[in-house]
Amino acid sequence: MTHLFCLALIGCACADNINKDAQIRSFQNDATDAEGNYQYAYETSNGIQFQEAGNPNGARGAVAYVSPEGEHISLTYTADEEGYHPVGDHLPTPPPVPAYVLRALEYIRTHPPAPAQKEQ
């Protein structure tokens, strides 16, 4: 399943910038062994590089390519029982926590509420 997702990701990223004459420069495929471990990688003449290794518990991989805008994209990822975890400079990140929120959290931490008294 991870393989298909990654191939779809590459296909979508490069769909408008396809080099129809691209050739596979290298391909490595270590088939799944008895324990379920596998590894494969490839590189094409138009700059796409992909590699992944995994086992029944998850996978790790990396992909690199040049976007239609000419930007070098590099993405690493892990996929495990907790989901898909991509990392790349081109991915959006949340904004920083505002200073007033940090101050409020610090105040709450240093001034915990008094324990509630039981009614009798």
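**Labels and their grounds**

Mentor: Let us begin with strand β5 (residues 72-80) and strand β6 (residues 83-87), which pair in the antiparallel sense over 5 bridges. This is a predicted model, in which local features need pLDDT of at least 70 and side-chain atom pairs count only at pLDDT 80 or more, while totals for chains, interfaces and linings use all residues. Residues are numbered from 1 along each chain as its sequence is written, and side-chain values use heavy atoms, with hydrogens and water left out.

Trainee: What makes β5 and β6 a pair?

Mentor: Two strands pair if DSSP finds at least two bridges between them, and β5 and β6 have 5 bridges, so the label applies. Asp80 stands opposite Gly83 in β6, and a hairpin joins β5 to β6 through 2 residues.

Trainee: Which other strands pair with β4 and β5, and over how many bridges?

Mentor: β3 and strand β4 (residues 58-66) pair in the antiparallel sense over 7 bridges, and a hairpin of 2 residues joins them. β4 and β5 are likewise antiparallel, over 9 bridges, with Thr78 in β5 as the bridge partner of Arg60. The hairpin of β4 and β5 has 5 residues between the strands, and there Gly70 takes a positive phi near 90°.

Trainee: Why is the pair of Tyr40 and Phe50 called tilted?

Mentor: Rings of Phe, Tyr and Trp (its six-membered ring) pair if their centres lie within 6.5 Å, and planes under 30 degrees apart count as stacked, over 60 as edge-to-face and the rest as tilted. A search of the whole structure finds 4 aromatic pairs. The rings of Tyr40 and Phe50 have their centres 5.5 Å apart and their planes at 40°, so the pair is tilted. Tyr40 lies in strand β2 (residues 38-44) and Phe50 in strand β3 (residues 49-55), so the pair ties together parts that are 10 residues apart in sequence. Ring pairs link Tyr38, Tyr40, Tyr42 and Phe50 into a cluster, and the bridge partner of Phe50 in β4 is Val63.

Trainee: What makes the contact of Arg109 and Glu106 a salt bridge?

Mentor: A salt bridge is a side-chain nitrogen of Lys or Arg within 4 Å of a carboxyl oxygen of Asp or Glu. The side chains of Arg109 and Glu106 meet at 2.7 Å, N to O, so the contact qualifies, and a search of the whole structure finds 1 salt bridge. Being 3 residues apart in helix α2, Arg109 and Glu106 are separated by about one helical turn.

Trainee: Why is helix α2 said to lie largely in the open?

Mentor: Of the 12 residues of α2, the number buried is 0, so the helix lies largely in the open.

Key:
Buried < 20%, exposed > 50% of the residue type's maximum accessible area, 1.4 Å probe, protein only. Helix = DSSP H or I, 4+ residues; strand = E, 2+ residues; numbered from the N terminus.
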